[in-house]
Amino acid sequence: MISFIICLVALILGYLIYGKVVEGVFGPDDRPTPAMEKADGVDFIALPTWKIFMIQFLNIAGTGPIFGAIMGAKFGPSSYLWIVFGCIFAGAVHDYLSGMVSMRNGGIGLPEVIGKYMGTKMRTAMLVLTVFLLIVVGAIFIYSPAVILGGICGSLTFWIVAIFIYYIIATMLPIKKIIGRVYPLFAASLLFMALALLVMLLVKWPTIPEIWDGLGNRAMEASPTWKDNIFPCLFIVISCGAISGFHATQSPLMGRCLGSERMGRPVFYGAMITEGIVAMIWAAIGSYFFYASPQPGYELQSVAGNSGFATSAPHVVNIICRDWLGMVGGILALLGIVAAPITTGDTALRSARLIIADFLKVSQKKTKPRLYITIPLFLLTFSLLMWQVANPEGFGVLWQYLGWFNQCLTAITLWTLTVYLIKERKMYMITYVPAVFMTIVTSTYFFVSGQLLGLPAMVGYPLGLCVSAVVWGTFHLWYLKYKKSVGTNDEGEKV
């Protein structure tokens, strides 16, 4: 528990200290924001900063910092370090700059940002990748809560239809109608649940593994069937609690609602740090459930869904919340497992609509142009959803690839932000270092993960490093050529 407390303090200090550094590098000022210059009452509309923060937090969080942190905790205390360092030096920087760069360019979506700084070919490729990612998120987050709700009351079909209709309405309506009114309440509920569980952790003060007890792969010791290595698997399993490419698709959504650039740090950087704190709480709970001494938590709860070390993340949430928080905990657990993915899914599809509209340069102020994009978008989502329902392995297949696609998007976004900082003659190392790291993570994961190619380590790791070297070399060739074309030295100064 000492490691846990230190990590919580580190996250807060990260916001106060490094967040200020990152803000200083970008340099927010008092220029009019897209919410002021392009106000349309639908997507570009100024909202109170506290409300934007709550919406941003819920948009990027969902169940990611809960489920990912629980499964990541199986690796051991190394998960703590990834959440802290990943969140402060990579995830929050990624979220902040993707939102602020979007605002500086009129509130454009992620593919447009990438296209401006990486070229038109990359823009088109990223449009396809990003929209596909968002459609997959939308489809998954219709199906998974529908399954849970169908097990409580009603049928699976009824809940799929009900959630699907809600998605269409939320995607079409002005952002203040549903998202602006309901999301802050859901976000407050998630924060309340995290706070209540934090209090219970402090009261119970369980004996759980500390960082100084070793950073090895505890899962391999606990389960003979465990095959995932800490590197790179931990950095894919825990994404939303540390760094996630999906967040870069959501930050522009809120960037269109900010009335001042100076509110970017509390909204974008602050929401990511808050998500990191939630992830840390659930990582500690996961550590208690799988590794507490003298008895792991799963041995103390003989309830439905408990299958020991193999217990799934949703069942861990249900078991812990009901045991620690009683009936209220059961309600909050249901909210976390059902409401959170639904709200993440609908904003994913809203982002997809806006990204496509940006690409086609179609104004979204009137209803008819919104329908032109929404109808085919939802037809694709519905087709993917039906494939999930018909295929017993459909959900698992989509979920496996979603994590890797998501972190690939992270790496591409970080490289784009690095190019932006170089062109603006700002300190680009704040994105360059995490860009290199995430490139190595995604490249090696593609080759060694059993969910993808599953090559032997002696083959997969060198191949991953070779791909990373090619990406790194390509960037540096561009950098040298760019410096020569503008006549600057390594510090960005004119020569």
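**Exercise 1.** Work out how many cavities of 30 Å³ or more a search of the whole structure finds, and describe the lining of the largest cavity.

*Solution.* Keep in mind that this is a predicted model. Step one is the count: the search turns up 2 cavities at that cut-off. Step two, take the largest cavity, with a volume of about 50 Å³. Step three, sort the lining by class: you get 5 nonpolar, 3 polar and 1 charged.

**Exercise 2.** Now do the second largest cavity: which residues line it, and how do they split by class?

*Solution.* Start with the space, about 40 Å³. Around the second largest cavity sit F57, A61, G62, P65, I66, L190 and V278. Both α3 (49–61) and α4 (64–72) supply at least two of the lining residues. Sorting them gives 6 nonpolar, 1 polar and no charged residues.

**Exercise 3.** Move on to the second largest pocket and find which element gives the largest share of its lining.

*Solution.* This pocket holds about 480 Å³ of space. First, list the elements that give two or more residues to the lining: α6 (110–118), α16 (394–423), α17 (429–448) and α18 (457–486). Then pick out the largest share, which is α16 with 6 residues. Next, look at the lining as a whole: 19 residues, with M122, I412, W415, T439 and V471 lying nearest the pocket's centre. Finally, the classes come out as 15 nonpolar, 4 polar and no charged.

Methods: Residues numbered from 1 in each chain as written. Predicted model: local features only at pLDDT ≥ 70, side-chain atom pairs only at ≥ 80, totals over all residues. Heavy atoms only, no water. 1 Å grid on protein atoms, 1.4 Å probe; cavity = no way out; pocket = protein on both sides within 12 Å on 5 of 7 lines; lining within 4 Å. Points joined across faces, edges and corners; volume = space filled by probe spheres on them. Helix = DSSP H or I, 4+ residues; strand = E, 2+ residues; numbered from the N terminus. Nonpolar A, V, L, I, M, F, W, Y, C, P; charged D, E, K, R; others polar.
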